[in-house]
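Dear colleague,

Please find below the structure that I am handing over to you, together with its sequence. My notes on what was found follow it.

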There are 2 protein chains.
Amino acid sequence: MAEAERFGYHNRILRVNLTSGEIREEHPGEEFYRAYLGGRNLIAHTLLREVPADADPLGPDNRLIFAAGIITGAPVAGAGRNSVGARSPLTGGCGDAEAGGFWGAELKRAGFDAVIVEGASDKPVYLYIRDGQAEIRSAEHLWGLPTAEAQEAIRRELGDHGVRVAQIGPAGERQVRLACIANDLTHFYGRTGMGAVMGAKRLRAIAVRGTKPVPLANPDGVQALARWLAANDEKLNAGFRDTGTAGGVQYLNASGGLPTRNFRQGHFEHAIRIAGETMRDEILVNRGSCWACIVRCKRVVGGVHGSRVLHPVYGGPEYESVAALGSCCGVGDLAAVALANERCAALGLDTIGTGMAIAFAMECYENGVLTRADTDGLDLRFGNAEAMLAMVEAIGERRGLGHILAEGTAQAAKLIGRGAERFVMTVKGQEIPMHEPRFKHGLGIGYAVSPTGADHMHDDGLVKAGRSFRERFGPLGILSPMPVNDLSERKVRAFYYVSTWNHLYNSLGLCQFMPYSPNQVVDLARDITGWNVSLWELMKASERGQQMARLFNLRCGFGADDDCLPRRFYEAFADGPLAGVALKPDELERALALYYGMMGWDDAGHPTAARLAELGLDWAQGGVDG
Amino acid sequence: MAEAERFGYHNRILRVNLTSGEIREEHPGEEFYRAYLGGRNLIAHTLLREVPADADPLGPDNRLIFAAGIITGAPVAGAGRNSVGARSPLTGGCGDAEAGGFWGAELKRAGFDAVIVEGASDKPVYLYIRDGQAEIRSAEHLWGLPTAEAQEAIRRELGDHGVRVAQIGPAGERQVRLACIANDLTHFYGRTGMGAVMGAKRLRAIAVRGTKPVPLANPDGVQALARWLAANDEKLNAGFRDTGTAGGVQYLNASGGLPTRNFRQGHFEHAIRIAGETMRDEILVNRGSCWACIVRCKRVVGGVHGSRVLHPVYGGPEYESVAALGSCCGVGDLAAVALANERCAALGLDTIGTGMAIAFAMECYENGVLTRADTDGLDLRFGNAEAMLAMVEAIGERRGLGHILAEGTAQAAKLIGRGAERFVMTVKGQEIPMHEPRFKHGLGIGYAVSPTGADHMHDDGLVKAGRSFRERFGPLGILSPMPVNDLSERKVRAFYYVSTWNHLYNSLGLCQFMPYSPNQVVDLARDITGWNVSLWELMKASERGQQMARLFNLRCGFGADDDCLPRRFYEAFADGPLAGVALKPDELERALALYYGMMGWDDAGHPTAARLAELGLDWAQGGVDG
């Protein structure tokens with residue numbers, strides 16, 4: 001069969017073996033792209049095919065996968081997203097994180113859909129990709145540098161200030177399990193410890209330069225969507241542009257759903273101090289963007305905290321960072337939070353995991369589980385901004401208590417002992433992001449079943465829609481909004497549909513914040529690729545990825561017992577707007593059983609042979625098939 | 001909430017109680033239409049909601065439902081289809097049959113989406129619907145008339161030769177379980193004995209006249225599809241127009257898949273005599289059509305058989321009729337077959353069921369199970385055209401052996417005894433249509449699991465696509481054609497997808513012969529209704545209907561054991577192109593188990609609570625909810 005003309009993907013995956021130094025290309029073919037799309041799905045596929053049960057996440061057998069999707073790099077708002085994945089050193093299972101920015105689009109413009117890194121280098125290296133070529137270069141001079149300095153050094157060395165750099169910082173070099181990967185210093189593959197995997201491979205950075213537009217099957221259609229968004233920009237995006245992702249702080253706080261003091265509370269008395277409006281009015285110096293996007297939800301902040309000047313080069317804090325380093329640590333000082341966010345960016349630390357690890361330590365400290373003897377003299381109580389800032393540095397440098405917390409909260413509690421485990425807020429070893437399941441009950445399912453552990457990409461999605469509910473979710477057959485405090489059949493159904501829908505974004509390389517309807521996304525996928533795809537086909541592709549991630553987690557030893565929440569979520573809030581409210585274990589149990597059934601999982605949480613066959617995954621039943 | 005403007009449906013269902021004479025309207029609302037669409041799905045919903053386990057199919061508790069879909073009546077080729085359903089007196093379970101023609105479109109143009117008939121009249125009546133009004137009228141003067149005379153009498157009486165008449169014939173009056181309902185004399189709701197239900201209610205006809213076009217949300221979009229089909233008419237439809245549905249006879253015969261002599265053979269030595277090409281060259285006098293259709297696949301035949309003149313008013317035989325009354329009875333005489341087809345139309349008999357009942361009797365006769373003493377002196381051997389014709393009359397009039405066969409083959413075999421059951425070719429009590437599962441293995445699944453028993457609307461659909469396979473089935477994620485003799489995972493998956501897709505047509509009111517791709521159908525549904533639906537949503541609606549039909553069958557006493565095939569399909573052909581070929585019981589068993597899993601059915605064939613919840617059918621778990 002003659003090969004089809006390619007649009008939206010290149011049929012070129014770069015495979016780099018850092019042990020041998022070998023670089024080669026793979027061309028999996030159109031059927032592969034249509035079945036797996038890219039991004040998170042391509043990662044799950046690679047893990048399932050290639051990473052055996054005994055592979056050490058920080059060893060050479062692990063794969064580190066940078067994957068764009070078929071939409072990544074198209075000239076339309078939202079097309080800047082891409083994924084990084086590996087077996088996670090934080091959870092031991094499926095590791096995956098998404099980021100926006102320009103790096104993914106640049107990779108596509110350089111002629112590649114993904115980069116799969118295997119093996120490990122003896123010495124620090126970085127990878128340089130330019131218009132279809134790739135080479136491994138020494139990074140010994142970069143090792144130990146903050147991310148901004150390293151990026152500058154790479155650009156200078158390559159003589160190209162337009163090169164896009166995805167890199168780890170000193171935290172990743174030290175294999176801190178909360179380490180992220182940054183791109184352009186302001187976009188972060190934050191979760192599941194991907195920075196530690198990159199550090200273990202001694203790969204400091206991947207610098208990319210591409211100059212060729214991604215070919216489109218129907219550029220007019222793509223432009224039409226871009227024009228639609230531009231024409232509706234004021235109505236759809238103005239609020240988000242105005243206050244960014246932190247614009248929801250006050251609403252969440254008023255609802256009782258703002259994670260506060262390690263989730264002990266859902267209401268923070270200083271919420272206004274860390275709200276998006278305050279950021280806008282006090283420290284915002286610019287608004288940043290991602291590839292081809294007109295929304296400009298990203299923050300760029302300036303100013304000072306004490307004697308320390310904030311560097312706008314690191315952008316500014318997202319909602320997740322504001323809540324994790326702010327309310328969750330009891331810190332109501334925006335400049336301190338912004339500085340902590342900057343330090344995480346410079347060190348290459350996940351702000352959610354880092355903030356939550358510090359919040360955990362603070363709760364340990366307030367309960368006498370940790371003392372000044374453990375904290376190097378720090379008064380590690382909730383609300384102590386300086387202590388929070390000091391702990392960020394300690395974790396990034398693996399110093400003192402920070403060396404313990406660098407293993408992640410769950411492991412740290414085991415190392416600390418003394419009953420510290422009761423303050424651990426993780427699922428499958430990953431720290432809970434800044435969304436409260438006692439407020440949005442559907443999140444309880446999402447946190448429990450997400451293959452990456454607690455993950456804000458598994459939101460229940462049903463209250464955050466900017467456009468009318470019917471317009472947004474109608475094509476999924478969900479026509480009416482539903483209350484947040486509901487775990488009935490219809491909510492489980494809605495969660496199943498919407499989480500599949502959300503997962504699809506991460507496989508297409510599309511930003512979930514775009515106000516596109518499912519039908520618009522399908523049309524976009526068609527206009528980019530020329531495939532006569534449908535929402536049916538794309539949703540099946542999405543579920544294919546979810547099932548592959550599940551299968552990989554089962555291989556890694558996870559089972560139904562691990563689809564559980566920290567006990568705290570079953571304990572009622574003592575105060576705030578949701579005083580007295582808790583998740584009910586039997587309700588969540590029932591919802592999970594329904595969800596298992598909807599996913600075609602048996603009681604043990606294993607996908608049935610029939611469901612795998614239905615999705616064309618019968619090959620995946622037998623285990624590794626590499 | 002303000003009611004949405006309505007396009008494609010009227011939100012008006014006519015409910016007629018023939019016991020009380022009461023006529024009223026129901027307005028179930030937009031969410032209902034969007035969840036259930038109409039046609040076959042509306043029927044399954046009504047049966048599940050209203051017909052209890054102990055309802056006699058021929059008693060007043062049964063419902064007889066005439067249901068159009070949201071596409072029925074739109075000005076585009078293929079929009080002439082609609083459904084009739086009831087608890088079947090042939091199978092005892094879900095009864096349902098589709099037809100084209102003009103009647104369904106006329107019902108929509110008269111302002112109604114469906115008619116639900118309950119109770120039973122003491123005396124023969126007919127229903128007259130005209131532009132939003134309905135009345136019950138006496139049909140005593142019509143009782144006993146052939147269908148053409150009755151239609152003429154109704155039109156004369158109403159003074160309107162444009163009135164469209166759906167009616168039973170004398171066979172339906174006599175509650176022959178093989179009785180059909182005809183519309184315009186040439187379109188037949190053939191299967192599952194719907195004519196007997198109508199006869200038991202003493203409802204001879206429903207005459208409809210409507211003058212208002214169905215309102216469309218986006219007429220330009222609908223017209224664009226019509227223009228697309230017109231522009232591609234020669235390429236897509238010419239062959240079908242040329243030889244009609246019987247155009248496949250020679251291909252099937254050459255493949256060994258032409259049902260012959262009660263499925264004893266798959267190859268008929270006189271196939272050329274009953275082929276579409278022969279019909280075209282020898283007896284075709286015109287080509288008929290359905291509402292808004294340009295394809296003209298319908299046949300109108302003339303000529304003579306012996307001393308009998310064929311009446312073009314009854315149209316001409318479809319492929320199913322040609323094979324059932326022809327090759328399956330060993331009859332290679334086209335004029336005789338055409339005459340038998342005409343007599344079925346005049347009497348109101350299903351040609352498939354009738355032909356198969358006669359073929360069964362012929363095999364009994366050839367094996368000494370029936371003798372001339374049973375057949376009123378007829379030499380009922382295969383190939384005796386006059387005996388076949390005589391038996392059509394006998395069944396329609398319930399005379400002699402015909403009175404026994406009028407109960408359907410399965411019941412007739414019980415009445416005959418003497419080992420006759422080994423010649424019964426039915427599933428769930430309904431006669432096998434004219435497609436051979438030893439040729440197309442996927443049909444084996446379809447026949448076994450169809451809620452109406454063996455049903456040619458549950459084809460495997462994978463070899464009959466006129467357009468390229470990828471273009472046609474790509475949106476379902478089925479990208480490559482597959483061999484017909486395959487029951488592997490991928491075939492079961494394809495069957496699951498395609499049967500759900502085919503079922504959708506019957507709920508939309510769209511003809512399966514149209515060469516539209518799934519995405520074109522979704523666009524059509526959107527342009528007609530204004531809903532932002534997707535293929536995902538429509539496929540879920542389709543599966544909703546299949547699950548409701550399954551639940552109704554379970555209520556009626558069917559279980560997994562009834563999802564089985566006649567033993568003959570496991571016996572190899574003795575001769576012909578497929579000599580030595582048979583279905584393998586273990587392969588089909590495995591395929592059915594996989595299909596159960598894909599449908600979310602447990603081993604006993606019951607839909608799981610999770611699957612019902614996923615489809616928004618949690619209400620249906622508890623049984624009748626009327």
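In this predicted model, domain 1 of chain A and domain 2 of chain A bury about 1,900 Å² between them, 65% of it on carbon and sulfur atoms. Buried area here is the accessible area (1.4 Å probe) that two parts lose on being put together, summed over both. Chain A is divided into domain 1 (3–209), domain 2 (237–364 + 374–395) and domain 3 (442–625), with bounds that come from an automatic or database domain assignment. The centres of domain 1 and domain 2 of chain A, taken over C-alpha atoms, are separated by 27 Å. To their contact (heavy atoms within 4.5 Å), domain 1 of chain A gives 31 residues and domain 2 of chain A gives 21 residues.

Across this interface of chain A, the rule finds one salt bridge, that is, a side-chain nitrogen of Lys or Arg within 4 Å of a carboxyl oxygen of Asp or Glu. Arg191(A) forms a salt bridge with Asp350(A), and their closest N and O atoms are 3.1 Å apart. On the side of domain 1 of chain A that touches domain 2 of chain A, at least two residues each are supplied by α3 (103–109), α4 (147–158), α5 (170–173) and β11. Helices (H or I, at least four residues) and strands (E, at least two) are DSSP runs, numbered from the N terminus.

Chain A also has an open sheet of six strands with mixed pairing, in the order β8-β7-β12-β9-β10-β11. Its edge strands, each pairing on one side only, are β8 (133–138) and β11 (187–189) of chain A. Strands pair if DSSP finds at least two bridges between them. In chain A, β9 (residues 164–167) and β10 (residues 181–183) pair in the antiparallel sense over two bridges, and Gln167(A) stands opposite Ala182(A) in β10(A).

Residues are numbered from 1 along each chain as its sequence is written, and chains are lettered from A and ligands numbered from 1 in the order in which they are written. Local features need pLDDT of at least 70, side-chain atom pairs count only at pLDDT 80 or more, and totals for chains, interfaces and linings use all residues, while side-chain values use heavy atoms, with hydrogens and water left out.

Yours sincerely
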